[in-house]
Amino acid sequence: AFDGKLHTLLDDMKDTLEAADGAGLAAPQVSVLRRACIVSTEDGFFELINPVLVSAEGKQTGIEGCLSVKGKYGTVTRAEKIKVEADDRFGKKRVYEVSGFTARAFQHEMDHLDGVLTPRSVPTCKTKNESPFSRNSGFFRRRTARACREIRRCCRGDQSRQTVGTR
């Protein structure tokens, strides 16, 4: 429902994002299994409830980090420009057309809503000092499995996805 409980979640997520100095945060990252995420970039602050990718154009490749695997970074290729439909905190349908870093952040957070911690296309993750951190290492597999277990459980099939409000 688009109610005070959702508003509190979004406000708490914004506080968490600001404290972590991040660009985005998805509800599953804070143990809430809802299709809600926030993005904060130079282009503004966005709250996306039940987001759907409508279109994507071009490609951009760059380094990404994640608050779920803090201090680790990987090279990811994503669309350069995207169009996303989402509800706002009041249930009003919004359409966002974003590009560059903001498009990258939208796609990253929407991945989390679909149970993806890091895209399969990331061959390695690196620390800030660029030492290799293999996706196949025991540490990475354990951390990824633990962080994704609950997310994937709620995202298996369309019927088990928990959306906010009613359609």
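**Figure 1. Overview of the predicted protein model.** The protein exposes about 9300 Å², of which carbon and sulfur atoms supply 48%; accessible areas come from the Shrake-Rupley method with a 1.4 Å probe, and for residues only the protein chains shown count as cover. This is a predicted model, in which local features need a pLDDT of at least 70 and side-chain atom pairs count only at pLDDT 80 or more, while totals for chains, interfaces and linings use all residues. Residues are numbered from 1 along each chain as its sequence is written, and side-chain values use heavy atoms, with hydrogens and water left out. The secondary structure comes to three helices and nine strands, where helices (H or I, at least four residues) and strands (E, at least two) are DSSP runs numbered from the N terminus. Along the sequence, the pattern is α-β-β-β-β-β-β-β-α-β-β-α. Of the 167 residues, 43% count as buried; buried means under 20% relative accessible area, exposed over 50%, and partly exposed in between (1.4 Å probe, protein chains only).

**Figure 2. Confidence along the chain.** The average pLDDT, the predictor's confidence in each residue from 0 to 100, is 80 for the protein, and 71% of the residues score at least 70. Over residues 129-162 the pLDDT is below 50, and this stretch has 48 contacts in the model beyond near neighbours in sequence. Contact means heavy atoms within 4.5 Å. In the protein, 58% of the contacts between residues at least 6 apart in sequence join residues at least 24 apart.

**Figure 3. The aromatic cluster of Phe46, Tyr96 and Phe106.** Ring pairs link these three residues into a cluster. Rings of Phe, Tyr and Trp (its six-membered ring) pair if their centres lie within 6.5 Å; planes under 30 degrees apart count as stacked, over 60 as edge-to-face and the rest as tilted. The whole structure holds three aromatic pairs. One of them joins Phe46 and Tyr96 edge-to-face, at 5.7 Å centre to centre and with 90° between the planes. Because Phe46 lies in strand S3 (residues 44-57) and Tyr96 in strand S7 (residues 93-99), this pair ties together parts that are 50 residues apart in sequence. Phe106 lies in helix H2 (residues 100-113) and Phe46 in S3, so the pair ties together parts 60 residues apart in sequence. Phe106 is buried, with a relative accessible area of 0%.

**Figure 4. The surroundings of Val39.** Val39 lies in strand S2 (residues 36-41) and counts as buried at 0% relative accessibility. Leaving aside neighbours within four places in sequence, its contacts include Ala23, Gly24, Phe46, Phe106 and Glu109. The C-alpha atoms of Val39 and Ala103 are separated by 9.8 Å, although the two residues are 64 apart along the chain.

**Figure 5. Strand pairing around S6.** Two strands pair if DSSP finds at least two bridges between them. S3 and strand S6 (residues 81-87) pair in the antiparallel sense over six bridges, and Lys81 in S6 is the bridge partner of Glu57. S6 and S7 are also antiparallel, over seven bridges, with Glu97 in S7 as the bridge partner of Lys83. S6 and S7 form a hairpin with five residues between them, and Gly91 in the turn has a positive phi of about 90°.
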